[in-house]
Amino acid sequence: MANQNLQLNAAEIEIRCDGPARQVDIEVVAETGSTNADLMARLPQLQCPVLRIAVHQTAGRGRAGRPWLTVPGGMLTFSLAWHLPQAPQHLLGLPLAIGVALAETLNTLGLSVQLKWPNDILRDGKKLAGILLESTAAQNGGTWIVAGIGLNLQVSDALEAEIGRTIADAPWLARMDRNALVASLLNALAPTLEQFATQGFSSFLPRWNALHAHAGQTVNILDHGQVLHTGVALGVDLHGCLVLQTTQGQVNVMAGDVSLRPATP
């Protein structure tokens, strides 16, 4: 029965979708290099939102081009292509809004998770999931975005050793019917994107700050290993920037390719 629960099937996901998620075309492939790369290459031809799920990705990527290592069946990896009316420069808070949707859904499924600025979901202080957002200006106006999601379900010691750090997983979610899990996430993501299209990040701001893993903690902001800022993380602003209270005053940090690390005592 466990093996059956691991099977992904587009039709089984579709029948569990409701509301805005029902407009999404769902594709399941056994293996691909990167679901994000697949959809980015097809954006000029897309006519509606598409969710592409791979049982195994061989060339998955995280932020700043870092590889996202996976094992077949141990992770859920998928990408969602969606058209938004905003220009690309007005989408700075979108990865955070997507993080809110994912974190709130995982919390309802019995996991206690928090958000690490700007793109990670943490469980017990360790990375459980990551978001990679790519975009391109649409020919008829607005922007096509591709949101790539990687969610650790069951991680082996060997994979942790290859990654070089401990990461979180969710073994009991790994036993959940995969089609039901994907549908639950898509049923949260689709209305989130519709809401962002009309309201931007403002309506997600208090929800993100309520899930902020490092609220009130002293953190370092790193750029290629160099400390740019050290300060107390207060939360995020309307643009999705991290607000830091430093000894020189308040600083609003834009995501870009910078990283956040808790400051050592």
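Predicted model: local features only at pLDDT ≥ 70, side-chain atom pairs only at ≥ 80, totals over all residues.

Me: What makes Cys48 count as buried, exposed or partly exposed?

Reply: Cys48 has a relative accessibility of 23%. The cut-offs are under 20% for buried and over 50% for exposed, so a value in between makes Cys48 partly exposed.

Me: How many disulfides are there, and how do you know?

Reply: A pair of cysteine sulfur atoms has to lie within 2.5 Å to count as a disulfide. By this rule the count is zero.

Me: What about His224: is it buried or exposed, and where does it lie?

Reply: His224 is found in the loop between strand E8 (218-223) and strand E9. With 73% relative accessibility against a cut-off of over 50%, His224 counts as exposed. The phi of His224 is also positive, near 55°, in a residue other than glycine. Val258 is 34 residues away from His224 in sequence, while their C-alpha atoms are 7.3 Å apart in space.

Me: What makes strands E11 and E12 the edges of their sheet?

Reply: The sheet is open, with five strands in the order E11-E10-E9-E8-E12 and antiparallel pairing. Strand E11 (249-253) and strand E12 (259-262) each have a single partner strand, so one side of each has no neighbour in the sheet. From one strand to the next the twist averages 45°.

Me: How do you know that E9 and E10 are paired?

Reply: Pairing needs at least two bridges. Strand E9 (residues 226-236) and strand E10 (residues 242-246) have four, in the antiparallel sense. In one of them, Gly235 has Val243 of E10 as its bridge partner.

Me: Which classes of residue make the contact between helices H4 and H7?

Reply: The axes of helix H4 (residues 94-108) and helix H7 (residues 178-199) come within 9 Å and cross at roughly 145°. Their contact has ten nonpolar, three polar and no charged residues.

Terms used
Residues numbered from 1 in each chain as written. Heavy atoms only, no water. Helix = DSSP H or I, 4+ residues; strand = E, 2+ residues; numbered from the N terminus. Axes fitted to C-alpha atoms, helices over the stretch in contact; angles between N-to-C directions. Nonpolar A, V, L, I, M, F, W, Y, C, P; charged D, E, K, R; others polar. Buried < 20%, exposed > 50% of the residue type's maximum accessible area, 1.4 Å probe, protein only.
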